[in-house]
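Here is a friendly walk through one protein chain. Have the sequence and the 3D view at hand, and pick out each part as it comes up.

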Amino acid sequence: MTESKPLKVLVVDDDPFQCSIVTKVLNAMGISEVKSETDARAGVELLDSEWDLLLLDLNMPGMDGIEFLTVMADVPRKPPVVFFSGEEGRILEVAEELAQSLDMDVLGSIAKPVSRDKLAAVIEQLRDRAEKPERRQQGFEVLSVEEIEAGIQNGAVEMFYQPKVDAQNLDLIGVESLLRWRKPDGSMIGPGAIIPTAESNGIIYPLTLEVLRSSIKQQAEWRAKNINIKVSCNLSVDDLTQPDLVSKLDGMLETYRVPADSIILEVTESKLAEDVKVVLASLTRLRLKGFSLSIDDFGTGFSSMEQLRRFPFTELKIDRAFVNGAGRRASAKAIFQSSVNLAKAMNMVAVAEGVEDNDDLELAISLGTDLIQGYFIARPMAAAELEGWYLGRGH
Ligand SMILES: [Mg+2]
C-alpha cells in the first residue's frame, strides 16, 4: 500500500473491551489517530472535529446507534460510517438505508466479533477513495457540451478496463471497458462528469463511437498478444436509434480485424422500454452480426419476462444493488437468486456486478453465478496494468 495521509478514526461502542481491541487493530494497521468513546452522547460531541471514518455500534444502551445517526444528520461534516453489530440482517439493512436517506456515506457493516480482516477491508476501501479523488469528484464536476465535443476530437477518451472473471476459478474471461477522460491539464475524471451531459444534450453517439473505436482497437492489440478475453462496451439507448450504428461498428471490426463475437455490447435494462421497436430491431441486427449482447444493471428496471424473451440478450448483469451486501439483506438476495435463475432458464450468462467482499463472492458462487465483477476482484485499470494483472495470475 502506498503512503497516504494519516486517517483519523472515531469509534463509538459502549463496550470498552471492543473499543480497545478495535483501537489496537487499527494501530497495528498504521492508523495511530484513533479515538474511542463508550458513551454515545459524548461521541456526538466529538463529531465537531473532522474524522475520516466513524465506526459505530448499533446496539448501545441509552443512545443507540440509530438515534446517534439521526443526531449526526445535523452535523456539517459527516464522516463515512461503518456499523458494528451483533444483529443479523434486517436491522443492519434498515440502518444502512436510514443513513443513506440522511445523506450519509455508508461503507458497510461489520458483524461482531470484529476481526482484523474485516477492519482491514474497510480501511483499504477508505484509502482507495483517498487516492482516487476522481471518484468523489464525479458528483461535483460536470463538463460542458463544448468541452466534451472538443475532448472527443482531441483524444480525451482513455478507456479503463475492469476484469470479469469466472466465479468458479477466477480466470479472466473478459473486461468491461469504462470511460475515463483526460482533461487538458492532464488530470483524469470519471464518466459521471461526462455521460449524463452527453446523453441529455444529444452528443452521446459521437462519444460512444469513440469509446467503441478505442475499445475495439485495444481488443486487437490484446488478440495480437494472445490475450483472449472479451471486451464489453456500454451503449446508450440513444445509440441504438442511430441508423448507421451497425455499419459504423462493422467498419471498426474490419479496420482492426476483430471478430464480432469478441465484443459484448451492454445496454441498461431501465432504458430498454424507451423506444422498444427501434431498439429491438437494432439489437437484433447487432446479434445477427455476431456481437454478444448484455442486459446491464438488471433488476433496476421492470422488464417483464415477455420483454426479456423478445430481446436477443446473451448475458444478464445483475445490478450491484442486489449483489453487494446481499448476504445480509433477504430481499436483495431473493432478487439476486431469481435473476440468476432467470438467466439460466433463458440460456444467458449470469454476471454479478459489485462483488466487493468475500461474502459477496461466496454468495455469488452459491447462487450459481457464472461470472463476477467488482472491487473485490479488481478495479478498473489502464490497458497496460490489465495486462500485468492478467499475466500475474499465471496465464
Ligand atoms: Mg456496464
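## Ground rules

This is a predicted model, in which local features need pLDDT of at least 70 and side-chain atom pairs count only at pLDDT 80 or more, while totals for chains, interfaces and linings use all residues. Residues are numbered from 1 along each chain as its sequence is written.

## The whole chain

Let's begin with the overall build. The protein chain has 16 helices and 14 strands; helices (H or I, at least four residues) and strands (E, at least two) are DSSP runs, numbered from the N terminus. Its radius of gyration is 23 Å, close to the 21 Å that the globule rule gives for 395 residues, so the chain is as compact as a globular protein of that length. That radius is taken over C-alpha atoms, and the globule rule is 2.2 Å times the number of residues to the power 0.38. Along the principal axes, the C-alpha atoms fill a box of roughly 65 × 50 × 45 Å.

Of the 395 residues, 39% are buried. A residue counts as buried if 20 or more other C-beta atoms lie within 10 Å of its own, as exposed if 12 or fewer do, and as partly exposed in between, with C-beta atoms placed from the backbone. Among contacts between residues at least 6 apart in sequence, 67% join residues at least 24 apart; a contact means that the two C-beta atoms, placed from the backbone, lie within 7 Å.

## A five-stranded parallel sheet

Next, find the open sheet of five strands, ordered β2-β1-β3-β4-β5 with parallel pairing. Two strands pair if DSSP finds at least two bridges between them. At the edges stand β2 (33–37) and β5 (106–111), each with a single partner strand, so one side of each is left without a neighbour in the sheet. From one strand to the next, the twist averages 15 degrees. Helix α1 (residues 16–28) lies across β1, β2 and β3, and runs at about 175 degrees to β2. Such axes are lines fitted to C-alpha atoms, for helices over the stretch in contact, and angles run from 0 to 180 degrees between N-to-C directions.

Is strand β3 (residues 53–57) enclosed or open? Five of its five residues are buried, so β3 is largely enclosed by the rest of the structure. L53, L55 and D57 are buried on one side, and L54 and L56 on the other. Strand β1 (residues 8–12) pairs with β3 in the parallel sense over four bridges; V12 has L56 as its bridge partner, and L10 stands opposite L54. Four bridges also join β3 to the parallel strand β4 (residues 81–85), where V81 is the bridge partner of L54. Between β3 and β4 the chain passes through helix α3 (residues 65–72) in a right-handed β-α-β crossover. Right-handed means that, with the strands pointing away from the viewer, the path from the first strand over the helix to the second runs clockwise.

In soluble globular proteins, nonpolar side chains tend to be buried together. A nonpolar core here is a set of buried Ala, Val, Leu, Ile, Met, Phe, Trp, Tyr and Cys residues joined through C-beta atoms within 7 Å. The largest one has 68 residues, and L316, I318, A364 and I372 have the most contacts inside it. Helix α9 (residues 204–224) gives the most to this core, with seven residues.

Leaving aside neighbours within four places in sequence, L316 is in contact with I295, F298, S339, A343, M348, A350 and V351. A second, separate core of 33 residues includes V11, M60, V82 and F84.

D297 sits in strand β11 (residues 292–298) and has a positive phi of about 50 degrees although it is not a glycine. D297 is partly exposed, with 19 other C-beta atoms within 10 Å. Not counting residues up to four places away in sequence, D297 touches T268, E269, S270, K317 and D319. T268 is 29 residues from D297 in sequence, yet their C-alpha atoms are 5.7 Å apart.

R257, in the loop between α11 (245–256) and β10 (263–268), also has a positive phi, near 50 degrees. R257 is exposed, with 10 other C-beta atoms within 10 Å.
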